[in-house]
Amino acid sequence: MAVADNTIDLGDQASFTGLRALGRGPLIQYTWIYEHPIDLDGLRRLHRNLGSGGLLGRRIERSPLPFGRHRWVRSTGPLGLDIATGTRPVTELNDWVNERAYIPVDPEHGPPWHLGVQQLEGGGAAVSLVVSHTVGDGLAIAEAVADAVNGEPRDLGYPIPASRTRREALREDLRQTVRSVPSWFKAVVGAAKIARDQKGDLAASAKSVTAAVSSGIATPVTPPFVTIHIDIDEWHQRAKALGGTSNVLFAALGARVGQVVGRLGDDGRAMLSFPVNIRTEGDTRGNALSTITVMADPEKVSTDLSELRGDIKHELAGVDEWTRMMLTPLPLTPLVPKFAVRRLEKMVLKVGKPIGCSNLGLFPPAFNRPDGTDADNFHARLVEPGLTPVDLERLNGHLFLVLCQTPTSMIVTVTAWEPGETNTKAALADSTRKALAELGLTGTVD
């Protein structure tokens with residue numbers, strides 16, 4: 001196979017630049033739970049296949065030019081499957097999941113992901129896959145897992161690390177940079193237009209970035225998370241009864257949880273932020289995502305989803321135009337210094353108290369068979385090790401929901417941290433149960 005163009009997408013380079021500037025970055029963690037003994041040979045096969053090709057079989061190699069474009073190179077991932085010694089009770093499962101999230105991954109130096117298994121008391125087991133978000137978004141990872149389970153990892157044609165001499169790399173990257181110069185001027189114009197259109201938000205962002213924080217605690221913390229399991233028929237029936245769809249009911253749940261935990265704006269509305277998949281056939285971007293933002297009235301969504309449904313539909317209709325506008329400044333990414341990235345972090349996350357709602361939907365059947373057999377349960381979450389109370393206060397806290405679908409259940413993971421609150425798993429579980437009840441839903445909260 002011919003060597004592919006391994007220049008990373010500008011969005012992925014922006015993600016990597018942010019990671020290096022902030023010293024931390026988001027990870028995606030998938031956890032599968034088996035109630036029967038697991039096939040370790042099957043997991044080892046998955047581990048080998050994940051590192052032998054596809055969107056996870058790679059890492060970033062920097063350009064020798066400080067303003068150059070980085071490139072993807074082959075990476076086999078960690079040396080082996082991480083098998084924990086001994087067994088743990090099911091009640092400690094979330095503790096183990098958190099421990100796995102804090103084992104380092106790095107999209108440049110590697111490994112960009114790791115896979116581990118923990119035997120559980122009673123004969124079951126749990127499997128955890130943690131991936132740097134720079135390497136892949138939720139659907140990219142799901143695709144890679146399904147291909148690896150099927151024994152069909154994609155060959156993307158990437159070269160091995162350091163396959164170019166420094167002289168060759170300098171010459172090639174300098175030519176590429178010269179060709180990029182015209183796009184820089186367009187990017188400056190586009191960035192100026194965005195700044196004009198959103199100058200109110202930018203001013204508020206700058207003010208909030210420099211605002212004093214209350215706790216002064218700079219020790220990293222782990223925001224608590226809980227997992228909700230709801231019968232799929234009940235979920236769809238409730239969505240229909242309220243005049244909505246599955247995705248709109250998920251948004252309503254985000255708004256209701258936001259209200260219970262105190263994460264609303266001064267106008268009493270919830271700011272819902274939705275990642276939107278823009279991945280195309282054969283797409284090799286790590287992150288093929290856009291976003292839309294919808295303001296929701298948490299009181300209305302308990303009885304009628306029609307208004308929220310209309311607002312989401314309206315924003316989705318304009319997502320292509322919004323994406324084009326937001327991509328315009330990206331050619332400037334290699335030129336942005338780290339201090340500017342740190343100042344821009346709050347602006348990127350938007351003003352106020354956004355509530356992330358990521359609907360990953362129904363995965364390919366192979367995805368739920370990491371050892372070759374169907375797992376009894378799984379869930380997904382976004383996690384960012386290294387966040388401190390100071391960071392979380394500067395960012396106005398954190399609330400993120402991830403929805404996954406199985407043939408029988410809707411599985412929602414809720415992760416939250418609000419400045420000045422107790423921020424315990426028990427408190428979050430109580431808040432989540434209350435939000436479910438207010439929407440007329442039942443379900444288990446683990």
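At what angle do the axes of helix 7 and helix 8 cross, and within what distance do they come? The views below take up this question and others on a predicted model, in which local features need pLDDT of at least 70, side-chain atom pairs count only at pLDDT 80 or more, and totals for chains, interfaces and linings use all residues. Residues are numbered from 1 along each chain as its sequence is written, and side-chain values use heavy atoms, with hydrogens and water left out.

**View 1. Helix 7 against helix 8.** The axes of helix 7 (residues 232-241) and helix 8 cross at roughly 90° and come within 9 Å; axes are lines fitted to C-alpha atoms, for helices over the stretch in contact, and angles run from 0 to 180 degrees between N-to-C directions. The two helices are therefore roughly perpendicular to each other, since angles under 35 degrees count as roughly parallel, over 145 as roughly antiparallel, 65 to 115 as roughly perpendicular and the rest as oblique. Helices (H or I, at least four residues) and strands (E, at least two) are DSSP runs, numbered from the N terminus. W235, H236, R238 and A239 of helix 7 touch S246, L249, F250 and L253 of helix 8, where contact means heavy atoms within 4.5 Å. These residues divide into five nonpolar, two polar and one charged; Ala, Val, Leu, Ile, Met, Phe, Trp, Tyr, Cys and Pro count as nonpolar, Asp, Glu, Lys and Arg as charged, and the others, Gly among them, as polar.

**View 2. Helix 8 against helix 9.** Helix 8 and helix 9 (residues 306-317) have axes that cross at roughly 110° and come within 10 Å, and the two are therefore roughly perpendicular to each other. On the helix 8 side the contact is made by N247, V248, A251 and A252, and on the helix 9 side by L308, R309 and I312. By class, the contact has five nonpolar residues, one polar and one charged.

**View 3. Helix 8 against helix 13.** Helix 8 (residues 246-261) packs against helix 13 (residues 425-438) at an angle of about 130°, with the axes 9 Å apart, and the pair is therefore oblique. In helix 8, L253, R256, V257, V260 and V261 meet S431, K434, A435, L436 and E438 of helix 13. Six of the contact residues are nonpolar, one is polar and three are charged.

**View 4. Two backbone details in loops.** Most residues other than glycine have a negative phi, and most peptide bonds are trans. The peptide bond from G110 to P111, however, is cis, with omega near -5°, and P111 is found in the loop between helix 3 and strand 5 (113-120). A162, a residue other than glycine, has a positive phi, near 60°, and lies in the loop between helix 4 (138-149) and helix 5 (166-197).
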